[in-house]
Amino acid sequence: MANSGLQLLGFTLALVGWVGLFASTVIPQWQVSSYAGDNIITAQAMYKGLWMDCASQSTGVTSCKVYDSILAQPAALQATRALMVVSLVLGFLATLVSTMGMKCTRCGGDDKVKKARIAMTGGIIFLVAGLAALTACSWYGHQIVTDFYNPLIPMNTKFEFGSAIFIGWAGSALVLLGGGLLACSCPGSEGKGAYRAPRSYPATTSGKEYV
């Protein structure tokens with residue numbers, strides 16, 4: 001049976017990673033203005049996220065505008081949104097399931113084998129959530145790199161990686177690591193019934209009895 005400390009470590013890592021994925025989904029710094037060219041105006045910085053884009057002035061004033069349409073956005077942005085939302089929903093579900101299956105909780109009954117299987121299920125759901133978020137961040141990052149090296153796009157309109165995408169990658173790694181540790185909670189030999197010695201039968205008595 002898996003160690004309760006290993007379960008707690010995996011749950012903590014996965015939960016911290018899920019919080020990072022939530023923060024990454026909300027904040028708008030998925031891509032920021034690039035200052036690679038010579039004629040770049042540094043008085044204003046542009047940020048683009050999954051739900052809005054922002055402009056930050058050198059005076060410290062920042063203004064954001066939510067995207068007017070969902071369907072009018074590029075396919076990569078829509079796919080990233082969907083994968084991140086799916087990852088957050090799965091991570092929330094995995095948190096509830098893992099809580100019931102951990103040894104240090106009283107939820108899910110007292111059957112150790114049953115609780116171990118519940119914890120393993122929560123770990124598998126965490127793994128799926130981490131893979132979805134990792135795919136979303138990598139896909140979005142690939143699109144940023146493609147646009148940056150596209151010669152048809154003017155240099156003053158190109159973007160680079162923002163802080164949100166790095167938070168998403170880190171959160172995905174923590175969720176995958178924590179989910180992997182929880183998935184190791186599969187029932188082992190200890191969960192099976194104890195070995196029972198074969199029933200002893202009375203020795204056969206001979207036909208002759210002694211008084």
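I took a disulfide to be a pair of cysteine sulfur atoms within 2.5 Å. With that cut-off I searched the whole structure and found one disulfide.

**Ground rules.** This is a predicted model, so I kept local features to pLDDT of at least 70 and side-chain atom pairs to pLDDT 80 or more, while totals for chains, interfaces and linings use all residues. I number residues from 1 along each chain as its sequence is written, and side-chain values use heavy atoms, with hydrogens and water left out.

**Disulfide.** Which cysteines form the disulfide? Cys54 and Cys64 do, with their sulfur atoms 2.0 Å apart. I noted that the pair links distant parts of the chain, ten residues apart: Cys54 lies in strand S3 (residues 52–57) and Cys64 in strand S4 (residues 62–66). For elements I used DSSP runs numbered from the N terminus: helices are H or I, at least four residues, and strands are E, at least two. The torsion about the S-S bond of Cys54 and Cys64 is about 105 degrees, so I logged the disulfide as right-handed.

I called a residue buried under 20% relative accessible area, exposed over 50% and partly exposed in between (1.4 Å probe, protein chains only). Cys54 is buried at 3% relative accessibility. Cys64 has a relative accessible area of 46%, so I logged Cys64 as partly exposed. I also looked up Cys137, which is buried at 0%. Cys184, at 45%, is partly exposed.

**Core.** I defined a nonpolar core as a set of buried Ala, Val, Leu, Ile, Met, Phe, Trp, Tyr and Cys residues joined through side-chain atoms within 4.5 Å. The largest one has 25 residues; Leu21, Trp30, Leu50, Met84, Phe126, Tyr140 and Ile165 touch the most other members. Helices H1 (4–26), H2 (75–101), H3 (112–148) and H4 (163–183) each give two or more residues to this core. H3 supplies the largest share, eight residues.

I then listed what Tyr140 touches, counting contact as heavy atoms within 4.5 Å. Leaving out residues up to four places away in sequence, I got Trp30, Gln31, Lys48, Gly49, Leu50, Leu77, Thr80 and Ile165.

**Confidence.** I read pLDDT as the predictor's confidence in each residue, from 0 to 100. The chain mean is 81, and 80% of residues reach 70 or more. Where is confidence lowest, and where highest? It is lowest in strand S2 (residues 44–48), at a mean of 82, and highest in H4, at 93. Residues 189–197 stay under 50, with four contacts beyond four places in sequence. Where pLDDT is low, the predicted coordinates should not be read in detail.
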